Amino acid sequence: MKDFNPEQTDRIIEMAWEDRTPFEAIEFQFGVSEAEVIEIMRSELKLSSFKLWRKRVNSGVSQKHLKKRNTEINRFKCNRQRTISHNKISKS
């Protein structure tokens, strides 16, 4: 697993926690796979928080996997999202 500074780790956790941010967006921005994101979440969150997150991601409510997403959603971010610092994804 890669070493990230605290700001990068916080951003990965934030993106992983958001239901509409797919794992592919995290991989695009930080170069970490879904399995590595799960390991980061497991090591950084309390056990109860991690279990709640995993349950939500696997429940079908979350759109963390592009294959399970509505085909009308064709972007990594909300079109109303403002600029996020250190975000490599185009803001246009």
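Predicted model: local features only at pLDDT ≥ 70, side-chain atom pairs only at ≥ 80, totals over all residues.
**Entry 1: the core**

I started with the largest nonpolar core and found 17 residues in it. The residues with the most contacts inside this core are I26, V37, M41 and W53. I then asked which elements give two or more residues to the core. They are α1, α2, α3 and α4. A reminder to myself: nonpolar side chains tend to be buried together in soluble globular proteins.

**Entry 2: W53**

Next I looked up what W53 touches, leaving out residues up to four places away in sequence. My list reads A16, W17, F23, V37, I38 and M41. Two of these partners, V37 and M41, are also named with W53 among the core residues with the most contacts.

**Entry 3: the buried face of α3**

Which residues of α3 are buried? I noted V37, I38, I40 and M41. Looking down the axis of α3, I see these buried residues fall within an arc of 160 degrees, so they line one face of the helix. They pack against α1 (6-17), α2 (23-30) and α4.

**Entry 4: α3 with α4**

Helix α3 spans residues 34-44 and helix α4 spans residues 47-58. At what angle do they pack? I have about 150 degrees, with the axes 8 Å apart. An angle over 145 degrees counts as roughly antiparallel, and α3 and α4 are therefore roughly antiparallel to each other. On the α3 side, V37, I38, M41 and R42 make the contact, while α4 brings F50, W53 and R54. Sorted by class, I get 5 nonpolar residues, 2 charged and no polar ones.

**Entry 5: α1 with α3**

From α1, the contact uses T9, I12, I13, A16 and W17; from α3, it uses V37, I40, M41 and E44. By class I wrote down 7 nonpolar, 1 polar and 1 charged.

**Entry 6: R11**

Last, I checked an arginine in helix α1, R11. Is R11 buried or exposed? The relative accessibility is 11%, and the cut-off for buried is under 20%, so R11 counts as buried. I also looked up F30, which is 19 residues from R11 along the chain. The C-alpha atoms of R11 and F30 are separated by 9.6 Å.

Methods
Residues numbered from 1 in each chain as written. Heavy atoms only, no water. Axes fitted to C-alpha atoms, helices over the stretch in contact; angles between N-to-C directions. Helix = DSSP H or I, 4+ residues; strand = E, 2+ residues; numbered from the N terminus. Parallel < 35°, antiparallel > 145°, perpendicular 65-115°, else oblique. Contact = heavy atoms within 4.5 Å. Nonpolar A, V, L, I, M, F, W, Y, C, P; charged D, E, K, R; others polar. Buried < 20%, exposed > 50% of the residue type's maximum accessible area, 1.4 Å probe, protein only. Arc of directions from axis to C-beta. Core = buried A, V, L, I, M, F, W, Y, C linked by side-chain atoms within 4.5 Å.
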